[in-house]
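Biologist: Could you walk me through this one? I'd like the overall picture before we get to single residues.

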Amino acid sequence: MTTATPAPPITSRAQATNLALATLAFTVSFWAWNLVGPLAITYAADLGLSAGQKSVLVAIPILVGSLGRIITGALTDRYGGRTMFPALLIATVPFVLLIAVAGELDSYWLLLVAGFFLGVGGTTFAVGIPFVNAWYDPSRRGFATGVFGAGMGGTALSAFFTPRFVDWFGYFTTHVIIAVVLVVVAVICRAFMRDSPRWAPNHDPVLPKLVGAAKLPITWEMGFLYAAAFGGFVAFSTYLPTYLNDVYSIDTQGAGTRTAGFAIAAVIARPAGGVLADRYGPRLITFISCAGAAVLAIWMLTKPPLEIPAGIDFVLMALFMGLGSGSVFTWVAQVAPPERVGSVTGIVGAAGGLGGFFPPMVMGATYDADAHSYTLGLALLSAFAVAAALTTAFVIRKQDRT
């Protein structure tokens, strides 16, 4: 009779190392995913794009980055983060280079095609959540997912550095640099990353797992809330350069700097949202996040003047969205069945990404060029945030920790 070999103990060093590597991979892949937005003003000027065409160009990478999370989350349950992170980083490289080619050719349609597949870089989120969950006890998962989620700061790096890299090194070379960084980080992850001893591959067929996750009410409840919190962050971080240029006539680098500040504020707030949700409960923190975002969107309708009033509005909006992004996934970690964390994460992450896909489209469609105003789009954003706050407070039933 054979006895099962006990899993090796999990050390704090192993936890920290793998959390750091996962966050690094997430950060770099999010930089690649957000390569188009910071240069949207330049593309619009060079190609003579309308507001609608510009919004489609900015939003298109979000589509695959959102829907693809459903598949990558389920595949992570089977293959683990040590395999999935390097695979997705390498898979993003050809499309980073194709974006460069499309820009050099001044081809709007090729930019759309390349941007669509560039969304592969945005799917790493659904890999990281189950990966770091397996490394930490339930009481610390809010902290772990919050720190990992800070990798969305890749959007800040892209907003700040991408326009400057183009100025310093040239347009094509900038994309080559990002491609090389993706390859280097993929190699590092494969060499040093390890799946948690607590993790075991789930070889159930992918489709039934997704169907099972989709049947859980909590999947769709969390998906709706994540669409409001993280979706709002994605929408603002990708479309904010365009918004600042249209409303305040700020140039590419100035808009990129301010967008980076917005993203950094959200990045700082996301781990705080996870920690606060561990302590006070995710329901309360998520409600505060959504209610705060609704109020700030209404303030934004008034077009507060630069720099201080508008800056305070945008930074506070980022902080509330970051808090909500962290608290929602603490909620997921607490209530999702352990064997379905990857699948649930994929669907919830996809919902969050789609929450970032539609607002730029709506903003572009409702932009009043004569008044330089996004009044209708911001009003809809506020209404959505109010609906999320009310859902948090009154609709979602209380859940026991798994």
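Modeller: Keep in mind that this is a predicted model. The accessible surface of the protein chain comes to about 15500 Å², and 70% of that area belongs to carbon and sulfur atoms.

Biologist: How many helices and strands does the protein chain have?

Modeller: The protein chain has 16 helices and zero strands. Its radius of gyration is 20 Å, close to the 21 Å that the globule rule gives for 402 residues, so the chain is as compact as a globular protein of that length. Along the principal axes, the C-alpha trace spans about 80 × 45 × 35 Å.

Biologist: And what share of the residues counts as buried?

Modeller: Of the 402 residues, 58% count as buried. As for contacts with a sequence separation of 6 or more, 86% of them are accounted for by residues 24 or more positions apart.

Biologist: Switching to charges, how far apart are the mean positions of the positive and negative ones?

Modeller: They are 14 Å apart, taking the 22 positive and 18 negative charges of the protein chain.

Biologist: Which residues touch the most other members of the largest nonpolar core?

Modeller: That core has 116 residues, and those touching the most other members are Phe 236, Tyr 243, Phe 314 and Met 317. Helix α11, residues 217-248, gives the most to this core, with 15 residues.

Biologist: Take Met 317, then; what does it touch beyond residues up to four places away in sequence?

Modeller: Met 317 touches Phe 236, Phe 262, Ala 293, Leu 296, Ala 297, Met 300 and Leu 381.

Biologist: Now Phe 148: where is it found, and is it buried or exposed?

Modeller: Phe 148 is found in helix α7, residues 141-149, and it counts as buried because its relative accessibility is 0%. Leaving out residues up to four places away in sequence, Phe 148 touches a set that includes Leu 19, Ala 22, Thr 23 and Phe 26, together with Phe 85, Phe 125 and Val 132.

Biologist: What about Thr 27, which helix does it lie in?

Modeller: Thr 27 lies in helix α1, residues 12-33, and at 16% relative accessibility it counts as buried, because the cut-off is under 20%. Apart from neighbours within four places in sequence, Thr 27 is in contact with Gly 151, Gly 154 and Leu 157. The C-alpha atoms of Thr 27 and Ala 150 are separated by 7.9 Å, although the two residues are 123 residues apart along the chain.

Biologist: Which residues of helix α5 are buried, and what covers them?

Modeller: In α5, residues 108-118, the buried ones are Tyr 108, Leu 111, Leu 112, Ala 114, Gly 115 and Leu 118. Their cover includes α1, α2, α3, α4 and α9.

Biologist: Last topic, backbone angles: which value does phi of Asp 106 take?

Modeller: Phi of Asp 106 is near 55°, a positive value in a residue other than glycine. Most residues other than glycine have a negative phi. Asp 106 sits in the loop between α4 and α5, and at 47% relative accessibility it counts as partly exposed. Lys 303, also not a glycine, has a positive phi of about 50°; Lys 303 is in the loop between α13 and α14 and counts as partly exposed at 34% relative accessibility.

Definitions and conventions:
Residues are numbered from 1 along each chain as its sequence is written. This is a predicted model: local features need pLDDT of at least 70, side-chain atom pairs count only at pLDDT 80 or more; totals for chains, interfaces and linings use all residues. Side-chain values use heavy atoms; hydrogens and water are left out. Helices (H or I, at least four residues) and strands (E, at least two) are DSSP runs, numbered from the N terminus. The radius of gyration is taken over C-alpha atoms; the globule rule is 2.2 Å times the number of residues to the power 0.38. Buried means under 20% relative accessible area, exposed over 50%, partly exposed in between (1.4 Å probe, protein chains only). Contact means heavy atoms within 4.5 Å. Accessible areas come from the Shrake-Rupley method with a 1.4 Å probe; for residues, only the protein chains shown count as cover. Lys and Arg count as positive and Asp and Glu as negative; His and the chain ends are not counted. The place of a charge is taken as NZ of Lys, CZ of Arg, CG of Asp or CD of Glu. A nonpolar core is a set of buried Ala, Val, Leu, Ile, Met, Phe, Trp, Tyr and Cys residues joined through side-chain atoms within 4.5 Å.
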